[in-house]
Amino acid sequence: MDREDKKVFLAYLNDSCIGQIRVVKEWNRFCYIENIATKRDYRGSGVGRALLHQAEEWARERSLIGMSLEAQDDNLDACRFYVKQGFKLGGVDTLKQAYNPNIDATLYWYKLF
């Protein structure tokens, strides 16, 4: 997928895809990260950081004002990673995941440029 308003970046090691990030240009001039994932064996190796860097470059080339994403409060490792990458908590929704007994809140993360 390579459109002006949407992009997927893949991270490869040899012939194996070890990570991906999917972004979209939103109406509010943010780059929304629809999904970011790194294979478990490669977490902590810089793959996620490199993918976020690519997404940020893509967003800046389009004169967007920042990046945003959402995570759930049961994914503490992801939340810590976002903080390390300069994201700030911008909002909490306690109803979005009401059907899921393991999740108390959806957390909205933002990184302004």
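Predicted model: local features only at pLDDT ≥ 70, side-chain atom pairs only at ≥ 80, totals over all residues.

Student: Got it. Which elements each supply at least two residues of the lining of the largest pocket?

Tutor: Four of them do: the strands β4 (30-38) and β5 (66-72), and the helices α1 (47-61) and α2 (76-84). The largest share is from β4, which brings seven residues to the lining.

Student: And how much space lies in that largest pocket?

Tutor: About 750 Å³. It has 28 lining residues, and Arg43, Asp77, Ala78, Phe81 and Tyr82 are the closest to its centre.

Student: How does the lining divide into nonpolar, polar and charged?

Tutor: Eleven residues of the lining are nonpolar, nine are polar and eight are charged.

Student: Let's look at α2 then. Which residues are buried there?

Tutor: Ala78, Cys79 and Tyr82 are buried in α2. They sit on the same side of the helix, because the arc they cover around the axis is only 100°.

Student: What's on the face turned away from the buried side of α2?

Tutor: That face has the exposed residues Asp77, Arg80 and Lys84.

Student: And what covers the buried residues of α2?

Tutor: The cover includes the strands β4, β5 and β7 (106-112).

Student: What follows α2?

Tutor: Gly86 comes after α2, and its phi is positive, near 95°.

Student: Which residues other than glycine have a positive phi? I'd like a couple of examples.

Tutor: Asn14 is one, with phi near 60°, and Arg29 is another, at about 70°. For background, most residues other than glycine have a negative phi.

Student: Where are those two found?

Tutor: Both are in loops. Asn14 is in the one between β2 and β3, while Arg29 is in the one between β3 and β4.

Student: Buried or exposed, what are they?

Tutor: Asn14 counts as exposed because its relative accessibility is 71%. Arg29 has 45%, so it is partly exposed.

Student: OK, new topic. Which residues touch the most other members of the largest nonpolar core?

Tutor: Those are Ile21, Val23, Ile33, Phe87 and Trp109, in a core of 24 residues. The elements that give two or more residues to this core are β2 (6-13), β3 (16-25), β4, α1, β5, α2 and β7. Of these, α1 gives the most, with six residues.

Student: Tell me about Val23. What is it in contact with?

Tutor: Leaving aside neighbours within four places in sequence, Val23 is in contact with Asp5, Lys6, Lys7, Phe9, Cys31, Tyr32, Ile33, Ala55 and Trp58. There's also a distance to note: Val8 is 15 residues from Val23 in sequence, and their C-alpha atoms are 6.4 Å apart in space.

Student: Where does Val8 lie, and how accessible is it?

Tutor: Val8 lies in strand β2. Its relative accessibility is 25%, so it counts as partly exposed.

Student: How far is Lys6 from Pro101?

Tutor: Their C-alpha atoms are separated by 33 Å, and the two residues are 95 apart along the chain.

Student: Let's jump to β7. What about Thr106?

Tutor: Thr106 is in that strand, and it counts as buried because its relative accessibility is 0%. Not counting residues up to four places away in sequence, Thr106 touches Glu70, Ala71, Gln72, Gly91, Val92, Asp93, Lys96 and Gln97.

Student: Last one: where is Arg40 found?

Tutor: Arg40 is in the loop between β4 and α1. Its relative accessibility is 64%, so it counts as exposed. Arg40 and Ile18 are 22 residues apart along the chain, and 8.7 Å separates their C-alpha atoms.

How values were computed: Residues numbered from 1 in each chain as written. Heavy atoms only, no water. 1 Å grid on protein atoms, 1.4 Å probe; cavity = no way out; pocket = protein on both sides within 12 Å on 5 of 7 lines; lining within 4 Å. Points joined across faces, edges and corners; volume = space filled by probe spheres on them. Helix = DSSP H or I, 4+ residues; strand = E, 2+ residues; numbered from the N terminus. Nonpolar A, V, L, I, M, F, W, Y, C, P; charged D, E, K, R; others polar. Buried < 20%, exposed > 50% of the residue type's maximum accessible area, 1.4 Å probe, protein only. Arc of directions from axis to C-beta. Contact = heavy atoms within 4.5 Å. Core = buried A, V, L, I, M, F, W, Y, C linked by side-chain atoms within 4.5 Å.
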